[in-house]
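Subject: A structure for you to look at

Hi,

Here is the structure I promised to pass on. Have a look at it first, and then read my notes below.

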Amino acid sequence: MPVLVWKHGDGRLEVDESAMGMYLSKAAPGRVRVVGVLNGDASVDATFDATKEHQLLLHTMSPALPTLEGEENDKNALLWLHIEEGSNVAILSAKNEHLGRLLLVLLSSVLVYSQDAELNFDKLRWITELPTQLKIRSNQDEAGVMKDLASVLPRFVWVARNSKVKWLANPGSATKKTPMEYFDGLFTPENGFSEAVMQSNAFKTYFTTFFAARDCLMISRPLEASAGIELAYDLSRDVLRPDYVAAADKLFSRYLSVDAGEDLVPAKHVAGNTLVPAQFRILVAYYVDAFNAHQLPIIQNASTKMLQATCEQGFARAMEQYTHTFTSLLPAVADEATIPSSRILIMAHLQGLRAASIEVYSLSQQIPATNAAAQALLQEQLKQLHANLEASYADATAASADISRETCEALISTLHPLSLTETTAELAQRSREDFSDGLQATLLGFKSDLQHALAKYKAGATARNHQGSSSSAYDPEAGLGAAMYPTLQSYLTDHILGSVVEWGKEVLGLFEKHMAAAAEEKAELEQELAELTAADRLTDTTDRRKEFERELAARTEELSTLKSTLTAELEDKRMDLERLLLDLKGVTSKHEARVASTEKEIERIKAKTLKVEEQAQLEQQKRDALMQGAAMEILNLESNLHNEAKTLYNEQRQALAKVAELERSLNGKKTAHLQSLFALETGCTRTIEELRAAHKKDMADLKTQAKQDIFMLKKAYDSKKGVVQHQLDEVNVLIKQCEDQLAMLEPKLNLDGPVPRLTTAHGTRSTQDEMCKQS
């Protein structure tokens, strides 16, 4: 993994720009999800070989994840970064030291805590110091930070390496615990009031409060004990235990993969603002600067600076996009033939505004709508952007107009249309009959000459008219620019029109001369006509009068007919007008009644509205008074609660001090009791040893006496046995004699039945032995 943050020998931190650039080039647009990885077993100065079990886990998940040792120019690696191409999941790994852990907590949305064997609370004591090492808002104290800290801390995932099956055993039941049940069971409060128990319970309370979202994954040993393979960080997956590989793949797919679910790896939020790739750089830079300045990082200030920098960068990109789009659509002004026209300028301006609007829209999606200060900043900078864009467009238009004006004036200066003042002498020599033809020929020649000059002027432009193309249109200003027609109009108004007016005055003078001559000829002709008319009237007066009377009678008849027709039509029109007037009067009366009713209704509504407004004002005043009273009451309650909280906090501290003092006294008493108990145990042990020695001696004496008694008893037994044996031999002799006598007496006595006989000597001997043993 490449190093993102370096730590110099003097404690100063530095962000690696190449790693940050790599992140920005690979990160997918949208929300950023950050997963922090921390090795809880590693010490501050731990080497890479000392953490090979943790590195093996990372290598098993992905060969790009191990954090190789980085040291360069008196600076050591503190924070590593890895991201896949087109992914929105950034993986951070930090050294297990103060600044590294704090950066992981501030930047991550999920914290993967890897530790060997069972969870060691002593290695997690740094969690209790978090309220003193950061702030959420600048006006918070330690209690306020502790209250709101759970809302900004990441999800805690404990990865237990080399886990044991016995951890999940459930005593008294055949079922097993789940890893999460075992994890939660570790934070069950203990009974007792000793200092160690209270510290342990306090830590458990801190942990469960700060990390409300938790998870646990257990990973067994990577190698079999009989495998005979030396542990290394880059072992192949083939030589590892299948259970270990499966657990590593499960951890990777759930929390480190590109396809990890957003319910497990949520997007990173900073003070309610969702982080995007461009803001990640600003956030890292702010925290690094805060640590370098030996200040506490404030998350709200980081969010404000992040949004401010985002706005500045977004509007700078919008201005850059506008400038790039505007200049790319304009032709190069290296020669006169490439001067942009007003159409090209306005199209370039509109395209630039479109590109800038896209950037502004993308920026607005990054600013939360609930943040009023950020929205106000966005609107203010948006107004400034509009002003800058309009000023830029005005400057570009003015510069293009200046170049276009100079080019057009230079082109016009080369044109020399026909001067009309030179044709006045020629017209003066023409007769009155040829004057109009000469004037028309002069005007046609001037028109042709002027059209030829205008054609030359227009030929200086490079107008493009793409016939049949929907993407292009005819641009008459192309080539000469926006000043093409204004310059031509100025030239025609100031030069051509003036000369035409002067020439027109001269022509008008000539025309007036010809008209005066024509007027004189007309007067002469009219005089002659009058004389001829008078002569005709004297000869044909009677005939003309009769014809006039007949014509007058016919006209009078026509006029009378027309008068009667018009009178009838006028009467009809008058009747229609009277009927329409009556209708109009009815409509007018109805309209006036409706207007009067409407005005009354409007007056009533106005009065009602005024009354409702007065009631609303009274209600509003009452509500304001109630709200002000409620606000004051809330403020008083908050101040009282704050004072009570302070009092309870002081009482708690005093109670904890008393409890600690009682625990110390109890520990002293326990120590004295243990000492007396130890003395008693020592005395009892000594007495037991003495009794054991005496008992051992008595046993030895008893064994000696028993041996002696057994020897004497055996000796007495042998002597008694000889006496008894002698007696038995005598008895056997007597019995033999008795048997002999009985044998001699049998014939004489003639006894019926068998004669009883005694057992053999062997049976007698065994019976005697038994009797001796019993004795």
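In helix H8, the buried residues are Tyr244, Val245, Ala247, Ala248, Leu251, Tyr255 and Leu256. Please keep in mind that this is a predicted model. Looking down the axis of H8, you will see these buried residues fall within an arc of 165 degrees, so they line one face of the helix.

What do the buried residues of H8 pack against? Their partners are helix H2 (52-61) and the strands S3 (33-39), S5 (89-94), S6 (110-116), S7 (155-161) and S8 (214-219).

Now for the nonpolar cores. The largest has 69 residues, and Leu4, Trp158, Phe280 and Tyr287 have the most contacts inside it. Helix H9 (residues 277-292) gives this core its largest share, eight residues.

Last, is Asn139 buried or exposed? Asn139 counts as exposed because its relative accessibility is 65%, and over 50% is the cut-off. You will find Asn139 in the loop between helix H4 (130-133) and helix H5 (142-148). Its C-alpha atom is 9.9 Å from that of Ile298, although the two are 159 residues apart along the chain.

Happy exploring!

How values were computed:
Residues are numbered from 1 along each chain as its sequence is written. This is a predicted model: local features need pLDDT of at least 70, side-chain atom pairs count only at pLDDT 80 or more; totals for chains, interfaces and linings use all residues. Side-chain values use heavy atoms; hydrogens and water are left out. Helices (H or I, at least four residues) and strands (E, at least two) are DSSP runs, numbered from the N terminus. Buried means under 20% relative accessible area, exposed over 50%, partly exposed in between (1.4 Å probe, protein chains only). The arc is that of the directions from the helix axis to the C-beta atoms. Contact means heavy atoms within 4.5 Å. A nonpolar core is a set of buried Ala, Val, Leu, Ile, Met, Phe, Trp, Tyr and Cys residues joined through side-chain atoms within 4.5 Å.
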